[in-house]
Amino acid sequence: MTFTVAVSGASGYAGGELLRLLADHPDLEVRTVTAHSNAGQPLTAVQPHLRSYTHLTLKETTAETLAGHDVVFLALPHGASGAIAAELPDDTLVIDCGADHRLEDAGDWSAFYGGDFHGAWEYGVPELPRLSGTQRTRLAGTRRIAAPGCNASTVAISLAPGIRAGVIEDADLVSVLAVGPSGAGRALKAHLLGSEILGSASPYAVGGTHRHIPEIQQALRWAGAAAPTISFTPTIVPMARGILATSTARVVPGTSARDVRAAWEDAYASERFVQLLPEGQFPRTADVLGANTALLGLAVDEAAGRVVVVAAVDNLVKGTAGAAIQSTNIALGLAEATGLPVNGVAP
């Protein structure tokens, strides 16, 4: 069976990456693409690398245009998805790649985003460890999915195994990330111009202000954390796409390095798209370019009493579009890995 698909926000980075991956999906057929200011243009005028879509023209983003498809991907700015999603039929599978449906707590939404609160949908990170099982089981058969924040899911999969196994403490968590500017979207911003970022590294949202913090804390509570606290600092670096997240946590006293590593091995041993590297090896962002794969390296700093987890992710694939399609496959009862690359592109 072929499922019909509409992609909103198709002129942006997330929308374009969804389309790139969907082009090779045997069970999903893109029928409609929509945009805002680019409506009326051929899709390839704004996404010239997507040559298999030369027949598609960008339409206005309205609920009427999106309705009538089996699957709708919303790749819209934060705050723009909620109202449109509310108008779509209940039996349509809707995947929100924005933040509108990620957070369960209205207070968190108000503090970090503001505007109308639309409630939480099932979180689109299948491998995420929970106290019982993984997030995967909650995605089967659902018709509403919230794709993750790229930074948030990277940190969550880095730390959740240790929380669930009880080998790390949930206070004094620290994550420092090097991120590519594509995570900020395609809209023109002066601080993201090539002349501003080339040859430079620029921290942002420093001091507990980043919007992904409550999303990380929420995911870690699902894994068993009582009241997780995290210092989260991202830095923009001059690579178009990618996240390299270094996360550390205090090891529970009396826990051996072997038991610490076993927690991550147990969590991801059977996972195709989240892989723990052999002891002593650590990932590079180049290793996951274009892939729906998260690579993790782990070490125990005995002197500091902390575990160190280094994670590499392509923010547009495993961080956004790939996670959305992987979750869609599960919701539709398709093979989970359908249409998704595990191998990166090199050089």
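Is E271 buried or exposed, and what is its relative accessible area? In this predicted model, local features require pLDDT of at least 70 and side-chain atom pairs count only at pLDDT 80 or more, whereas totals for chains, interfaces and linings use all residues. Residues are numbered from 1 along each chain as its sequence is written, and side-chain values use heavy atoms, with hydrogens and water left out.

E271 is buried, with a relative accessible area of 12% (buried: under 20%; exposed: over 50%; partly exposed: in between; 1.4 Å probe, protein chains only). E271 forms a salt bridge with R136, the closest N and O atoms lying 2.7 Å apart (salt bridge: a side-chain nitrogen of Lys or Arg within 4 Å of a carboxyl oxygen of Asp or Glu). R136 is partly exposed, at 22% relative accessibility.

A salt bridge with an N to O distance of 3.6 Å joins the side chains of R102 and E215. Both partners are buried, R102 at 3% relative accessibility and E215 with a relative accessible area of 1%. In the salt bridge between R284 and D287, the closest N and O atoms are 2.7 Å apart; R284 is exposed, with a relative accessible area of 53%, while D287 is partly exposed at 31% relative accessibility. A network of salt bridges links E17, R20, R241 and D314. The whole structure contains 13 salt bridges.
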